[in-house]
Amino acid sequence: MATQENGSGADAPPSRSSSSSAAAAAAAGVDKGVDFANYFCTYAYLYHQKEMLCDRVRMDAYYNAVFRNKHHFRNKVVLDVGTGSGILAIWSAQAGARKVYAVEATKMAEHARELAKANGVDDVVEVIEGSMEEVTLPEKVDVIISEWMGYFLLRESMFDSVICARDRWLRPDGAMYPSHARMWVAPIRSGLGDQKIDDFEREMNEWHNFVDETEAHYGVNMNALTKAYRAEHEKYYLKTSMWSNVHPNQIVGTAAVIKEIDCLTATVDEIRSVMAQVTMPIIMDRARVSAFAGWFDVHFRGSTQNPAMHEIELTTAPSEDFGTHWGQQVFLLHPPIRANEGDKIIMSFTMSRSKENHRLMNVEFTCELEQSSGKRLSPVTSKVFIE
Ligand SMILES: C[S@@+](CC[C@H](N)C(=O)[O-])C[C@H]1O[C@@H](n2cnc3c(N)ncnc32)[C@H](O)[C@@H]1O
């Protein structure tokens, strides 16, 4: 779970991640001890697991994916990568699986074992405490189920572990749950009373007022600190993305997909960095584009040979009624861009893993406004860290 500001997001934080295979981890310079201390530790707490278990959008999607597609589970062998409390493994057993291997890196495995027993499926669910990359199963599996998604999909890099599990243990005709994933971005305006995406200039104006008032009332001119304040402000407000529950009416342009993943075929190389160039038509007059929101969705479609009877979608898009613990990641734009309906924003986007911590992401984007007349305004560039 993640503990970005506001993000009680279970799947996000310096918390929800996993390790890559031992070899891949070593190659990527990942210190497994540090990874365990920084990433896995939070998952060992029931408090954190409960936050994920309380996310109704998440829970309903997985529940429906399993129980409305029982034919994928009945008499099948299932692998749950990162079982946590064991919920997905227990559902798989209740849906008729013959055997479920439930792998969990942390001591949460003990609780999962207890829960499987208390729910009468311990004869089917075998909880294995260990890192997915290092565990050996006695047989290949028909289905891999996992809830691996972090903030903006890829934060935490847990999908690496799912890929590793798939390549080692999934039968050639097996199915991935979920089977597909997408990353989205959209230009947004500030929400009413939404301090988080209030723009940079407004904050700096407040500082200037503060300098004037301090001098007037207390006789000390604080202006010598203006540069430092600006730098600090830039660091915290512009260089780091923010967790937010964006209201749909904040979206001022058509959302665009920047990455599509087929979970059956994706490779770690394919997700190590994300690069895209997208065009987003503005859908509102006098829009002040102050930020971009990023989110993801996943789909449960089964496999080509054995499609789902009922395709289920789990979306973390801005919603008036159904927020998720993932929320959206908001990347501020400085200066904001003024745009009108008919204009387009052309965005070049890259996201790559932080060298210091492969589970955190560096995002870099450039936005150019193309007005309906064809005139292009100067591009605005930003480098943002998803921590
Ligand atoms: C987001 S939680 C999901 C928990 C549970 N499946 C659920 O849906 O509520 C991910 C879990 O995967 C575990 N995990 C992550 N990477 C793993 C790995 N490489 N091997 C084993 N467990 C891992 C974490 O410790 C965490 O408990």
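The largest nonpolar core has 100 residues; a core here is a set of buried Ala, Val, Leu, Ile, Met, Phe, Trp, Tyr and Cys residues joined through C-beta atoms within 7 Å. A residue counts as buried if 20 or more other C-beta atoms lie within 10 Å of its own, as exposed if 12 or fewer do, and as partly exposed in between, with C-beta atoms placed from the backbone. The residues with the most contacts inside this core are Val 78, Ala 89, Val 141, Ile 144, Ala 293 and Phe 296. Strand E10 (residues 287-302) supplies the largest share of the core, nine residues.

Two notes on reading what follows. This is a predicted model, in which local features need pLDDT of at least 70 and side-chain atom pairs count only at pLDDT 80 or more, while totals for chains, interfaces and linings use all residues. Residues are numbered from 1 along each chain as its sequence is written.

Now for the overall inventory. The protein has 10 helices and 15 strands; these are DSSP runs numbered from the N terminus, with helices being H or I of at least four residues and strands E of at least two. Of its 387 residues, 46% count as buried. Two residues are in contact if their C-beta atoms, placed from the backbone, lie within 7 Å. Among contacts with a separation of 6 or more, 75% are between residues 24 or more positions apart.

Let us turn to the sheets. Five strands form an open sheet with parallel pairing, in the order E3-E2-E1-E4-E5, where two strands pair if DSSP finds at least two bridges between them. Its edges are strand E3 (125-129) and strand E5 (170-177), each of which pairs on one side only. Neighbouring strands here are turned by 20° against each other on average, direction ignored. For all such angles, axes are lines fitted to C-alpha atoms, for helices over the stretch in contact, and the angles run from 0 to 180 degrees between N-to-C directions.

Strand E2 (residues 99-104) runs parallel to E3, and five bridges join the two; Val 100, for instance, has Val 125 as its bridge partner in E3. Helix H6 (residues 108-118) lies across E2 and E3, at about 170° to E3. Together, E2, H6 and E3 make a right-handed β-α-β unit: with the strands pointing away from the viewer, the path from the first strand over the helix to the second runs clockwise.

Which residues of H6 are buried? They are Met 108, Ala 109, Ala 112, Arg 113, Leu 115 and Ala 116. They sit on the same side of H6 because they cover an arc of only 165° around the axis, the arc being that of the directions from the helix axis to the C-beta atoms. An α-helix has 3.6 residues a turn, so residues three or four places apart point the same way. The cover over the buried residues of H6 includes helix H3 (46-53), helix H5 (87-94), E2 and E3. Ala 89, one of the core residues named above, touches Ala 112 and Ala 116 as well as Val 100 and Val 125, among others. Just after H6, Gly 120 takes a positive phi of about 70°.

A second open sheet has four strands in the order E9-E13-E14-E15, this time with antiparallel pairing. Strand E9 (273-281) and strand E15 (380-386) are its edges, and its neighbouring strands are turned by 15° against each other on average, direction ignored. Nine bridges connect E9 with strand E13 (residues 344-353), and Met 280 stands opposite Ile 345 in E13.

Finally, some backbone details. Most residues other than glycine have a negative phi, and most peptide bonds are trans. Leu 153 has a positive phi near 70° and lies in the loop between strand E4 (141-146) and helix H7 (159-169). Is Leu 153 buried or exposed? Leu 153 counts as buried because 29 C-beta neighbours lie inside 10 Å. Arg 286 also has a positive phi, of about 50°, in the loop between E9 and E10, but Arg 286 is exposed, with 10 other C-beta atoms within 10 Å. Pro 178 is in the loop between E5 and strand E6 (180-188), whereas Pro 335 is in strand E12 (residues 328-339).
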